[in-house]
Amino acid sequence: MIERLLLGTVADKPHIVLKDAHGKLLFEECFTRRGFDSSYTIVYHSHAPMPDEGYAPTQRGWPKPAATEASHARRLFHAEKTTRTGKALDARTVLLTNAQIDIGVVRPTEDDDAYLANNDGDDVYFLLHGSAECETPFGTLSLKQHDYLWIPRSLPHRFLRVEKDAHWLHLEMKRGMHLPRQYLNELGQLKMDAPYSHRDFRRPTWLPKSTDKATVVIKRDGRFWERKTAAPLLDVVGLDGFVYPLVFPIHRFQPKTGLVHLPPTIHATFAGEGALVCSFVPRLTDTHPNAIPCPYPHSSVDCDEMIFYCSGNFTSRRGVGPGAISLHPAGVPHGPHPGAYEASIGTKSTEELAVMVDTFLPLHPTQEALAVEQADYHGTWK
Ligand SMILES: [Fe+2]
């Protein structure tokens, strides 16, 4: 979704005849975003993609988030203690929700037997622990620890070769996602001062093939339907377009260091309507002799802030470990824990690794979040 991808065999021009080596007509599918007004990919199938052998509501998937009141306190959720496991399709726990984003974790313990096609948003996965392979009709991608995986809305995908103890952050970006506009020139090319380049993203390089029919679980408005395809799902012989799965390894993000502490916007990685995804990676700290490298206390009065802690000594917070999720709501000042601000003076680098999401609508903890909440977190600034 950052540049055109051309894989396999395509026709000389869209919407004209293309046949396989045996003279059989191939079927086009135009996979489009924002109606027919935004990016799209044209794929060529060996079979018509429409016929089903079955289509019915299913109990597969995960519970529709049961939102509680939006938070007016600083909260900490031990996402590493959630208990929904099994196949990745079913092993998700939504912890924070609003009309524009769901934030949760996936803790798969088995390979998927079905594909998820999430019509409710773009799916973003961040692998804290546990490698895997993501298979889609638009290509297969190998995933390693600390990779982001970006699956465009409704693209069927499943996870195979899931490593033991997998623990992934999952964002459902309900209004889609894109790269921050300020990183792109007028032609859509990443500018030279962007924090990543086109070479930092991994795109599909081959199309998986299978003659097997497939089960696709479609999510729409929080409900799940199970579709048994009448033809193989993995029958794509070629694709051409801007919509496809994409991997970005977080350690390819190039952080900026200033004379003094720079605001979190320099960590912006992905943007969606009402949500900004930021990557905090190990980096050198500020160069002014009297700089205070630790984040200053702040009141970002229009944003709720979620942080998913990954590794390193997170400079500003104590008592949070890998996999924990903090929520600092708009309207409540937040900042370093007592002692961290002063202790950071003179430090030259930080090893922290974390993913942050700022949202403009209030984030509502779910009932499942309350089950893993650390009750005394708000008061830990005393
Ligand atoms: Fe903050």
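## Basis of the description

The structure is a predicted model, in which local features need pLDDT of at least 70 and side-chain atom pairs count only at pLDDT 80 or more, while totals for chains, interfaces and linings use all residues. Residues are numbered from 1 along each chain as its sequence is written, and side-chain values use heavy atoms, with hydrogens and water left out.

Helices (H or I, at least four residues) and strands (E, at least two) are DSSP runs, numbered from the N terminus. Two strands are said to pair if DSSP finds at least two bridges between them.

Strands of a sheet pair through backbone hydrogen bonds, either parallel or antiparallel.

Strand β8 (residues 115–118) runs parallel to β15 and is joined to β15 by four bridges; here A117 stands opposite I218 in β15.

β15 and β16 form a hairpin with two residues between them. D221 lies in the loop between these strands and has a positive phi of about 55° although it is not a glycine. At 52% relative accessibility, D221 counts as exposed. The classes are buried (under 20% relative accessible area), exposed (over 50%) and partly exposed (in between), with a 1.4 Å probe and protein chains only.

D165 also has a positive phi, of about 60°, and is not a glycine. D165 lies in the loop between β13 (158–160) and β14 (167–173). With 58% relative accessibility, D165 counts as exposed.

## The antiparallel sheet

A further open sheet has four strands in the order β1-β17-β3-β2, and the pairing is antiparallel. β1 (5–8) and β2 stand at the edges with a single partner strand each, so one side of each has no neighbour in the sheet. On average, neighbouring strands of this sheet are turned by 20° against each other, direction ignored.

β1 and strand β17 (residues 236–241) run antiparallel and are joined by four bridges. In this pairing, L5 stands opposite G241 in β17.

## The iron site

The iron ion is coordinated by H298 (NE2), E305 (OE) and H334 (NE2), at 1.8 to 2.1 Å. H298 lies in the loop between β21 (283–284) and β22 (304–311), and H334 in the loop between β23 (324–328) and α1 (340–343), so this pair ties together parts that are 36 residues apart in sequence. The donor residues are spaced H-x6-E-x28-H in sequence. Donors are N, O and S atoms within 2.8 Å of the metal (3.2 Å for Na, K and Ca); water is not among the atoms, so sites may look incomplete.

H334 counts as buried, at 6% relative accessibility.

## Pocket and cavity

Grid points are joined across faces, edges and corners, and a volume is the space filled by probe spheres set on the points. The largest pocket holds about 1100 Å³ of space. Its lining has 48 residues, of which F31, T32, R33, S39 and R153 lie nearest the centre. β2 (27–32), β15 (213–220) and β16 (223–232) each supply at least two lining residues, and β16 gives the most, with five. By class, the lining has 26 nonpolar, 13 polar and nine charged residues; Ala, Val, Leu, Ile, Met, Phe, Trp, Tyr, Cys and Pro count as nonpolar, Asp, Glu, Lys and Arg as charged, and the others, Gly among them, as polar.

The structure holds one cavity of 30 Å³ or more. The residues that line the largest cavity include S299, C303 and the iron ligand H334.

How values were computed
On a 1 Å grid over the protein atoms alone, a cavity is a set of points where a 1.4 Å probe fits but cannot get out, and a pocket is an open set with protein on both sides within 12 Å along at least five of seven lines; lining residues have an atom within 4 Å of a point. Axes are lines fitted to C-alpha atoms, for helices over the stretch in contact, and angles run from 0 to 180 degrees between N-to-C directions.
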